[in-house]
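Trainee: Could we walk through the ring pairs and the nonpolar cores together?
Mentor: Gladly; here is the model.

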Amino acid sequence: MSPDRFEDHAWADIIPADLIQLYAPYQRETYVGPRPALVLIDLYNLAYRGGPVPPLSLMDQYPSSCGIYAHNAIEPTRRLIAAARTAGVPIFYCTSDNRPMAGLRGGGATRRRTSTAAVRLPDDFEIWSDFAPQQGDVIIRKQRASIFQGTPLLSHLNLLGVQSLIVCGESTSGCVRASCIDGYSNGLHVSLVEECTYDRHELVHKMNLFDLHHKYADVMHVEEVVAHLEASHPTKAAAG
């Protein structure tokens with residue numbers, strides 16, 4: 001893969017030439033690994049509250065919203081999920097485990113301070129309606145950033161013979177990053193879908209995509225991943 005193609009991603013407008021040169025040894029061919037599962041990180045209602053506006057304008061009422069960045073990712077994510085379903089790829093969702101546990105839980109999975117005016121609704125951690133889980137999908141409830149930490153995910157993957165992950169969701173700097181690193185650390189090839197991943201600020205998003213791409217995951221465009229899924233199951237794709 002040429003250096004230009006390897007770096008042809010969202011961070012191109014913020015990463016200086018000397019940093020590209022410093023990270024040049026990480027250059028490689030990127031791909032979707034064998035026997036993949038699709039992992040959808042924290043696509044819950046809380047990330048979309050307030051609508052498609054800058055997150056800064058939502059801080060008081062919806063401090064956890066990703067605003068416009070979450071909404072921009074809806075259609076690419078719908079396309080990715082549809083391709084995975086057609087290809088017969090296992091699909092895993094995760095969301096926050098906010099169920100009361102009689103005082104057994106420790107501190108929260110985030111140290112983010114929230115406004116006293118913040119709106120909290122009973123369905124905050126339900127999956128956004130555009131991505132509603134279907135029969136056969138697995139929903140993992142987690143208390144920490146990574147979908148792997150303290151959950152049965154790895155057992156599910158082993159039982160299904162999964163060897164690689166296709167990852168997307170939010171936030172790039174938080175739960176997505178933690179999950180990608182844990183996937184890599186557990187010996188799985190990780191493909192992170194750029195257009196289906198987002199954060200509360202573009203600079204944070206781009207810097208974390210850049211770092212993950214060069215160390216722990218293959219950041220890929222949604223078109224590449226969908227094309228792979230269609231090519232790997234042409235009969236099912238044609239039927240869909």
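**Aromatic pairs and cores**

Mentor: Y23 is buried at 15% relative accessibility, where buried means under 20% relative accessible area, exposed over 50% and partly exposed in between (1.4 Å probe, protein chains only). This is a predicted model, in which local features need pLDDT of at least 70, side-chain atom pairs count only at pLDDT 80 or more, and totals for chains, interfaces and linings use all residues. Residues are numbered from 1 along each chain as its sequence is written, and side-chain values use heavy atoms, leaving out hydrogens and water.

Trainee: How is a pair of aromatic rings described?

Mentor: By the distance of the centres and the angle of the planes. Rings of Phe, Tyr and Trp (its six-membered ring) pair if their centres lie within 6.5 Å; planes under 30 degrees apart are stacked, over 60 edge-to-face, the rest tilted. There are 8 aromatic pairs here. Y23 and Y26 make a tilted one, 5.5 Å centre to centre with 35° between the planes. Y44 and F125 are edge-to-face, at 5.0 Å and 85°.

Trainee: Are Y44 and F125 buried or exposed?

Mentor: Y44 is buried, with a relative accessible area of 12%, and F125 is buried at 18%.

Trainee: What tends to happen to nonpolar side chains in soluble globular proteins?

Mentor: They tend to be buried together. A nonpolar core is a set of buried Ala, Val, Leu, Ile, Met, Phe, Trp, Tyr and Cys residues joined through side-chain atoms within 4.5 Å. The largest one here has 31 residues, and L38, Y48, L80, F131 and L229 have the most contacts inside it.
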